[in-house]
Amino acid sequence: MSEPFEPKIVAFVCTYCTYAGADLAGTSRLKYAPNVRIVRLPCTGRISPMFILKALQKGADGVLISGCHPGDCHFTHGNYHARRRWMVFRALLDFTGISPERVKFSWISAAEGGKFADLINSVTEEIRNLGPFDQYQQLIKETESPATL
Amino acid sequence: MTENIQSTQQNIYKPAIMKIVGRHDEAPGVRTMRLEFQDPADHEQFKKTFRTGMFGLYGVYGEGESTFCVASPETRKEYIECTFRQSGRVTSALANADIGDLVTFRGPYGNRFPIEEFHGKNLLFISGGIALPPTRSVIWSCLDQREKFGKVTIVYGARTVADLVYKHELDEWQERADVELVLTVDPGGESPDWKHRVGFVPTVLEEAAPSPDNCIAVICGPPIMIKFTLISLKKLGFDEKNVYTTLENRMKCGVGKCGRCNVGSVYVCKEGPVFTAAEVSRMPAADL
Amino acid sequence: MAKIGVFICHCGENIAAKVDCTKLAAALGEHPGVAVSVEYKYFCSDPGQESVKKAIRDNNLSGIVIAACSPRMHEATFRKACAEAGLNPYLCEIANIREQCSWVHTDGDMATAKAMDIVRSMVEKVKRNNKLQSIEVPVTRRALVIGGGIAGLQAALDIANAGQEVVLVEREPSLGGHMAQLSETFPTLDCSQCIMTPRMVETAQHPKIRLLTYAEVESVDGYIGNFKVKIRMKSRYVDMNTCTGCGDCMTKCPAKKISSEFDCGLGKRTAIYTPFAQSVPNIPVIDKASCIYFKNGKCKMCQKSCQLNSINFEMQDEFIDLEIGAIVVATGFQVQNTAVYGEYGYGKFPDVITGLQFERLASASGPTAGKILRPSDGKEPENVVFIQCAGSRDPSKGVRYCSKICCMYTAKHAMLYAHKVHGGKTHIFYMDIRAAGKGYDEFTRRAIEEDEASYVRGRVSKVWQENGKLMVRGVDTLLGKPVTVAADMVVLATAMVSQPNAKEFAKTIGIAYDEYGFYNEAHLKLRPVESSTAGVFLAGACQSPKDIPDSVAQASASASKVLALFSKEKLEREPVIAVNNEATCAGCWGCVLACPYNAIEKKDIRDRSGRLIKQVAYVNPGLCQGCGTCVTFCRSNSLDLAGFTEKQIFAEVMGL
Amino acid sequence: MTRILFSDKLDNCIAKWRSAGLTVIGPVQGESLSGYAAVEKAAGFEFGMVLPERPLKELFFPQTEPMLRYTIKKNEIDTTDFTAPQGKRIIFGARACDASGLAIDDPLFGWDYKDEYWFQRRNESVIVTIACTKADDFCMCTSLKLAPDSTKGSDVLLRPIDKNRGWLIEELTDRGREAFAIISDYLQESSEPAVPTVVVPEKFNLDACVTWLQNPENFDSKFWKEISMRCIGCASCTYLCPTCHCFDIQDEGDTYSGIRRKNWDSCSFALFTMHTSGHNPRSTQSARWRQRIMHKFNYFPGKFSVNSCSGCGRCSRQCPVDMGITETLQEISKL
Amino acid sequence: MITQEKYRTTVKELLASGSVKMVIGYKPGSTPDRRRPLFIRTSEEADQLVLDSTCMTNLSGYLVTEGLLSDEKRVGIFLRPEGIRSINILAAEYQLNIEQIVILGFDSTGRDVRPLEGRNAGDFSGLLSEIKEKPVQTSKEPLLERIEKMNAQERFDFWQEEFSRCIKCYACRQACPMCYCRRCIVDSNQPQWINTSSHTLGNFEWNIVRAFHLSGRCVQCGNCDRACPVNIPLRLINQRMATEVLDGFDHFAGLSPTQEPVLASFKKDDTETFIL
């Protein structure tokens, strides 16, 4: 075997919980895999399914979406709305052949720096095991505009 | 048949790369940019083909291309000037571009104002709002060879004082003894220090009552203005054949293929954008 | 397509030890649209900030990216610096390469590569940032306090004493709320009315307070600083301007056997009445449902007796429109209807009463003038059983939560009974004794030790009548055996629940509520007195069960929030709000439902002749908090969120 | 005497053409859709259908096609061209209407500015048309003054002989003759007669329709509104049309590089002509349907002297609401 | 046949009494097995009305034609139960005033067509509840079952094969009564979220986003599926999503004209087993 496959993962997180949780992981000097690129949004309610599609188009092998635990939303119920959308969109992706293993959802609070680090590691590892998302890369290649992530 | 068509081996959809060398704001959301060719071959081609009235497709890669006229005159071909209102995707991207940035240009395309035929005649330019740029190209093309033409009258109006474009050039024309400039703004659009007329362009035009004798009229403006101005010109006794206007339609290819600008049997991008009022009156699909 | 400045901070060694900042700065310098790309040891330091400002001015930058610590640390710092350098502060973005990069990765190359992506995507975002202006909302300096109980009074007085106008709305004919019904209060056993009535009077006489009793909030529109409130003044049938409260009408009223709400059914009142003797205002109302004239068209005894001619049977409800800047909701609670506990016999046996009824019995101004007498025969009970958690902490029949005050008032009841009925015996069935509070545990100890309250740990399974006694069967879990107590009276410590109309009322004012109908605070810990809607604050038991000190404390806290809001003429808000493209909006109103803040309204689009063409969504900038939930819902992509626009995020992802 | 190509020799012919470097393309019945596609063996062809569902034009004017690749660097933009795929091909078994469609569009793609994406493919393709012996209710070539055995746009015309055993060969152009010279070994002389072509009844009087359309008064006729009332404004008629040629130019990619593409577009769409100001010269569906009919039978012939319709009937066949050119022109005939 | 005759009479009565200004129904199409939408404004036009089991098109999309209902006059429309659900959703999403719609309901089994009782949307709430509880079609379509048995890779390949045929003619969108947006998201170009090009990636993005936008709103009338000129089995995705929202949120699209949109509402105890 040559170099191990380094998956490319894009994460969409809310600023109040998960982004703060990621900051806490940092201030606690926890170590985790460097494969994830974070996009910060005000609330999980702002995370559109479109973002997931664009991350895939950009060449991501996996996508992670995370926000406040139910009841903790800074905007009272943005995450409840998000949860419904995710459930539906996830089922849709699953039905059209994008494995739920590549699109992960989680709740991480501002206090869960440890959970954040663990999650990044486990998600990275899982997607590493799945290997590159060749099928999607093939679609991108057909467009003549190859992914550059 | 197909055998006879020889390949020119040239991609008609490939634009020239232009550098922005100047820009300034004309009115809220309206900007003028001066562009220079990066490839001398592209510039040579432009110099050979450009005549006043033609348009181009200005583009930003990643966003697309947008059609507007070449606002600079055919007497000044060292650069291209264009004036546009920021409204859609491409114009927003163009508006974001700064001096030194690179954009694209495809053209010049379309037909032109036959200004040789205007020699020795009086000229009446009528324009409204953001549609002054095409008129401006003709105006300067004529003023740069002023001796060849008779009396020059410019009637220009906008919704409000702020919406008038090329303000510095309006001042210049105002100063010139050989140009008569009639400025107007729509009722309610005047500022406290506005010294010119107030009223819609067709009304002001009728008040100014230029003589139709030996006179060519050039109108550019929003469809509604053109519609009523044509009526006013008719009242003043202008012959439809001596009235020129431009049709601005949505375009994508600029070379008579994509079908978007098709008005009746006319592809505006190739057979326009300049038409005489006589031609326009035969095109019900122009939707004026 | 822009002139972006990239500033890469070493943060001492914090970033530079892992991320090759020099390489990063050089690479970003080659990025399209980047005019300046520099590194420095500490950009947050004064010289660091100065260098950023200088770079902005010298290069006429159109946006900057600070690659440094988390935006949660220094976003505000650098935005301020931008503003000082003449650049709109919202043209500044922070690339977090410390908390989320250098501190968490071990491999320097990988960390540098990640930092590169982070900064590049931020550059692409900032290229699409718009100049935003913070939103200024004018503030009407007039507060509305809803509810005239202790919480409402406290809030109203605090605000009024600070010199701001207050409108106090109470739906009952008199101020006072539940506290006016109480006998003596724990843990000091001072008389409730003695401390309550002076506050009521002070409120009524306060020059800054406009008191509207027998009135209800009909509708609330608008937003923080600018509410438009409609109040319904219910018709009293008594002219408030002329009535002096002499009480002749009440004496003459022939309908005398109406159960008194104030006395929890233990006393009687007339059809024209004041709830209690010390009512404020001391002006009666006619209870239309009980009034003989309204029922039969004959009587008018009160009108005849009134020398001031204050009775007017033709009176109609009136409406008052108010402009309000802030609202304090202090609508209080109700006691749970105990009828659900058939086994306790409430309603069946007259001597099974609620805690609140016991308060009326123990109150000097109550139906028994403070004597503890059984409702059935008026005899003094010799043996009283108290049942705690009669409704609370009972997911099956009652409510899941703890009502918080019952342990304390039951101990108080046992004490009051012991003081009033010498030799009387008390048994208290309880689950736990929750007496956390200043002087509270000492208080319950006193009940046990000095007043000999007999606490039995266990639940009561049944109450029945036998030989004129109420037999109470329960279990003593400490002894592990069933016990039966013969009592003369049983007092149920009923649960505190939200007002029956609490949910509808929450919708009227546009605030969030929980499953029980208690109003939700904006944040349980950090914003406990703000509601989910900006400019609406909570006080007292409408938020959750509370005792008097807690209610008062929250009321004062709300008042201080109101005063803070009123301290400026205008309110400044972050411009991160949703905006709608009216041309493309399809008017499906999904966003209206999705918005947690009721910030989206329907707006009519009319043509020049005034004909309605369509309705579109309009985001009220005063109410929108910028979560973006509506934006994601919008199928036609008409809504967008300033600061996190679709274009920006697209560029951020595609720029990775 | 005419030369004949027997079906059982087709495999040899295909092999021969392929070894001569030609891609062999023809009517293919896919799992859920028929169209023209490349085959390696004769068995891959399906000659039995009236007409493939997808038009031949897409082999010359694909639904999406890259034109340029751009890379944005600091102070520099690189543009590289895409050219149409090189390589000769033979379209074996085109329908006459599809072949005519190509000829109809040639002048459009060629006037003044030549669209190399079209002509590159045109110049490298040999069109071998098989005359129709079958038609369905929607076929209307005869109404357009064409025929099931029109030669327009074809390089070779084949006429089926009895029992699908083969085809009589009629070479029309040099390009066709060259292509058939490659397989001359497999051709036989024969005097067997061809199966008569199918009789396609005339559905409307084209001349009368054109006269009506050319009358400026009829531009604002209320007929347009009535006929298009049920039109839902999709593009299936235009996209399946063998002559519709409108397109869009779109950029796609990330923020650093991307592709400029030419994509099919349709006059049926409201946004097709919408100005950024919101003004739309063709703001109603009836104006758009009128444009489509006018363009095909009035404007286009006015410019290029040929109707922009070859009578394949796909527009009516596929319309979700059972509209189409046939119905419209039939109704106009009645006016 | 009897149903058709009765309904012709009903339509004439409705028009004659002035209680509707127009009835939207069906008439014969260009071939015997085809039906065309028909807009009946006169008694003569009513004679063209055809009602049989081949009247499949859900006509409700015509109700949101700009200007049709703006005069507040009533319009009659022939609808199958799915069509009634569509107009319920259109009403719930404020695209039409349900009071203006006179429903001429029908359904068919095999070749028999039968009328449905009622004229107003509310009259059908019982029927719709029944359909929710007891779906007429109990067995799954074999193709759907086949897809559900596939693994992710196989499903991906299956759908990419299907989507590769898409030509982005938007017939699915135009035929769909739920696609009433003034500007479709695919036409929203700042930014261009969905690639407009009809390469497979662009087609996949388009179809998946449309399916998402229809989740909880699709009534499986089949308009998109029938309209698709390249025969993509679009119904399967929408069916699958309908099952998802029914199982997940007990949401049966179009049950009543006041139903809350499933993706603009939530319950605190919505399932979240998939969330880490």
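This is a predicted model: local features need pLDDT of at least 70, side-chain atom pairs count only at pLDDT 80 or more; totals for chains, interfaces and linings use all residues.
Trainee: What is the strand order of the open sheet of 7 strands in chain B?

Mentor: Helices (H or I, at least four residues) and strands (E, at least two) are DSSP runs, numbered from the N terminus, and two strands pair if DSSP finds at least two bridges between them. In chain B the order is S10-S9-S8-S7-S11-S12-S15, and the pairing is mixed. Strand S10 (197-198) and strand S15 (274-276) of chain B each have a single partner strand, so one side of each is left without a neighbour in the sheet.

Trainee: How many bridges join S9(B) to S10(B), and how do these strands run?

Mentor: Strand S9 (residues 179-185) of chain B is joined to S10(B) by 2 bridges, and the two run parallel. B:Val185 has B:Val198 of S10(B) opposite it. Helix H5 (residues 201-208) of chain B packs on the sheet, where it touches strand S7 (122-128), strand S8 (152-158), S9 and S10 of chain B, and its direction makes about 150 degrees with that of S8(B). Contact here requires that the C-beta atoms of two residues, placed from the backbone, lie within 7 Å, while axes are lines fitted to C-alpha atoms, for helices over the stretch in contact, with angles from 0 to 180 degrees between N-to-C directions.

Trainee: Which way do the residues of strand S12 of chain B point?

Mentor: In a regular strand the side chains alternate between the two faces of the sheet. In strand S12 (residues 243-246) of chain B, B:Val243 and B:Thr245 point one way, B:Tyr244 and B:Thr246 point the other way, and all are buried. A residue is buried if 20 or more other C-beta atoms lie within 10 Å of its own, exposed if 12 or fewer, and partly exposed in between, with C-beta atoms placed from the backbone.

Trainee: What is the pairing in the open sheet of 4 strands in chain D?

Mentor: That sheet has the order S5-S4-S12-S11 (chain D), and its pairing is antiparallel. Strand S5 (76-81) and strand S11 (247-253) of chain D stand at the edges with a single partner strand each, so one side of each is left without a neighbour in the sheet. On average, neighbouring strands of this sheet are turned by 25 degrees against each other, direction ignored. S11(D) and strand S12 (residues 257-264) of chain D run antiparallel and are joined by 7 bridges, and D:Gly258 in S12(D) is the bridge partner of D:Gly253.

Trainee: How many residues of helix H1 of chain A are buried?

Mentor: Of the 10 residues in helix H1 (residues 18-27) of chain A, 9 are buried, including A:Tyr19, A:Asp23 and A:Leu24. The buried residues pack against strand S1 (9-14), strand S2 (36-41), strand S3 (62-67) and helix H4 (113-130) of chain A, together with helix H3 (71-84) and H4 of chain C. Just after H1(A), A:Arg29 has a positive phi of about 55 degrees.

Trainee: How many residues does each chain give to the contact between chains C and A?

Mentor: Chain C gives 36 residues and chain A gives 33 residues. On the side of chain C, the elements that give two or more residues are helix H4 (98-102), helix H5 (108-127), helix H17 (629-633) and helix H18 (646-654).

Trainee: What does the radius of gyration say about chain E?

Mentor: The radius of gyration is taken over C-alpha atoms, and the globule rule is 2.2 Å times the number of residues to the power 0.38. For 276 residues a compact globule would have a value near 19 Å, and the 20 Å of chain E agrees. Chain E has 10 helices and 5 strands, and 51% of its 276 residues count as buried.

Key: Residues are numbered from 1 along each chain as its sequence is written. Chains are lettered from A and ligands numbered from 1 in the order in which they are written.
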